[in-house]
Structures are given as structure tokens and as C-alpha cells.
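Open the model in your viewer and keep the sequence panel beside it. We will go from one selection to the next, and at each stop you will hear what is there.

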Amino acid sequence: MLCLNRLLALQYCFVTIHPMQSFDTNSPDSSPPTEASKTLDAGRVEDLPHGSRKTIGLPEGRELALYNVNGEFYATENFCPHKGAPLAEGILCEHVIECDWHGWQFDVRTGECLTVPERLQTYEVVVADGLVKIIV
């Protein structure tokens with residue numbers, strides 16, 4: 001069944017995407033965070049198998065998306081800048097997450113949008129003693 005799921009996911013990995021307008025999530029009045037980095041426990045390595053993704057809720061209501069790509073873990077903000085779709089519910093194909101709503105594609109390693117000139121915030125992920133941790 002796993003192979004069938006991967007085969008079905010692969011058919012969606014090569015989609016032609018046309019440019020779309022996005023909404024601006026950056027406020028001109030916002031300033032970069034000044035507090036020190038925190039480490040967020042995101043679960044055990046075995047709880048996120050290869051090719052999967054997971055939503056990680058933060059205490060202040062924000063969400064991150066955590067991805068396992070061939071044993072490497074990556075984290076981005078969870079909401080697509082186009083219309084706010086949760087990216088952890090999208091299709092993950094290698095290092096590209098495709099938004100489930102309108103097909104915007106992002107490289108989970110860099111946050112770069114492959115569809116339009118947008119970018120997701122990315123977060124460092126470390127694995128220690130079988131635990132996945134995100135530095136926020």
C-alpha cells in the first residue's frame with residue numbers, strides 16, 4: 001500500500017503552475033524577533049516516517065510544518081502565503097511541498113517558492129537521542 005501511495009503522490013509532483021497573486025503577510029511595522037531562540041520538542045524520529053509531514057502547534061497559536069525527506073528533517077511556517085492553506089496537508093515530493101489548495105510549490109530546505117517570488121520562513125531542526133527538535 002505504501003508503494004501505491006507514493007506512486008499516487010508522484011503523479012502530482014510534476015504539475016505546471018501558473019503565477020498567482022499572493023497576499024502580503026509581512027507588515028511594514030513588524031520588526032525581527034528580539035528574544036532568544038527556543039527549542040521546541042516535535043516528537044520522536046520514528047513518529048515521522050520518510051516522506052511524511054506533520055503540523056506542530058506553537059503556544060501563541062502559530063503553526064509550523066515538519067517534514068521528513070529521506071531521513072532529513074525540515075521545518076517551515078505551516079501556512080501558504082497565497083491563501084493560508086495548511087502546508088502540512090499538502091503533497092510532499094522529495095524536497096518540494098505543494099499546497100493542497102492552489103498548487104503553490106515550496107522547497108522545504110530553503111522556503112523558496114518555485115511558483116512565484118515568495119518565501120516561507122524556515123526553522124533549524126536538530127535530532128538528538130531520537131528526538132526531533134525545532135529551534136524557533
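## First stop: a buried asparagine

Start by selecting N78, which has a relative accessible area of 0% and is therefore buried (buried means under 20% relative accessible area, exposed over 50% and partly exposed in between, with a 1.4 Å probe and protein chains only). Before you go on, please note that this is a predicted model, where local features need pLDDT of at least 70 and side-chain atom pairs count only at pLDDT 80 or more, while totals for chains, interfaces and linings use all residues. Residues are numbered from 1 along each chain as its sequence is written, and side-chain values use heavy atoms, with hydrogens and water left out.

N78 sits in the loop between β4 (72-77) and β5. Strands here are DSSP runs (E, at least two residues), numbered from the N terminus. Now show side chains: the side chain of N78 makes a polar contact with that of E63, at 2.8 Å. A polar contact is a pair of N or O atoms within 3.5 Å; within protein, one must be able to donate a hydrogen and the other to accept it, and residues adjacent in sequence count only if both atoms are side-chain atoms.

Which residues touch N78, leaving aside its neighbours within four places in sequence? They are T55, E63, L64, A65, A85, P86, L87 and A88, where contact means heavy atoms within 4.5 Å.

## Second stop: L64

From that list, select L64, which belongs to strand β3 (residues 63-69). L64 also counts as buried, because its relative accessibility is 0%. Beyond four places in sequence, its contacts include L40, K54, I56, Y123, I134 and V136.

Now colour the strands of the open sheet β1-β9-β8-β4-β3-β2, 6 strands with antiparallel pairing (two strands pair if DSSP finds at least two bridges between them). At its edges are β1 (39-44) and β2 (53-57), each pairing on one side only. Neighbouring strands are turned by 30° against each other on average, direction ignored; axes are lines fitted to C-alpha atoms, and angles run from 0 to 180 degrees between N-to-C directions.

Walk across the sheet with these selections:

- β3 and β4 share 6 bridges; N68 has F73 in β4 as its bridge partner.
- β4 and β8 (residues 122-128) are joined by 2 bridges; look for A75 with Y123.
- β8 and β9 (residues 131-135) are joined by 5 bridges; V125 stands opposite I134.

At the turn of the β8-β9 hairpin, 2 residues lie between the strands, and D129 has a positive phi of about 55°.

## Last stop: the three-stranded sheet

Select β5, β6 and β7, which form an open antiparallel sheet in that order. β5 (91-93) and β7 (105-107) each have a single partner strand, so one side of each is left without a neighbour in the sheet.

Finish with the aromatic side chains. How many aromatic pairs does a search of the whole structure find? There is 1: the rings of W104 and F106 have centres 6.4 Å apart and planes at 45°, so the pair is tilted. Rings of Phe, Tyr and Trp (its six-membered ring) pair if their centres lie within 6.5 Å; planes under 30 degrees apart count as stacked, over 60 as edge-to-face and the rest as tilted. W104 is buried at 0%, and F106 is buried at 0% too.

Notes. Helix = DSSP H or I, 4+ residues; strand = E, 2+ residues; numbered from the N terminus.
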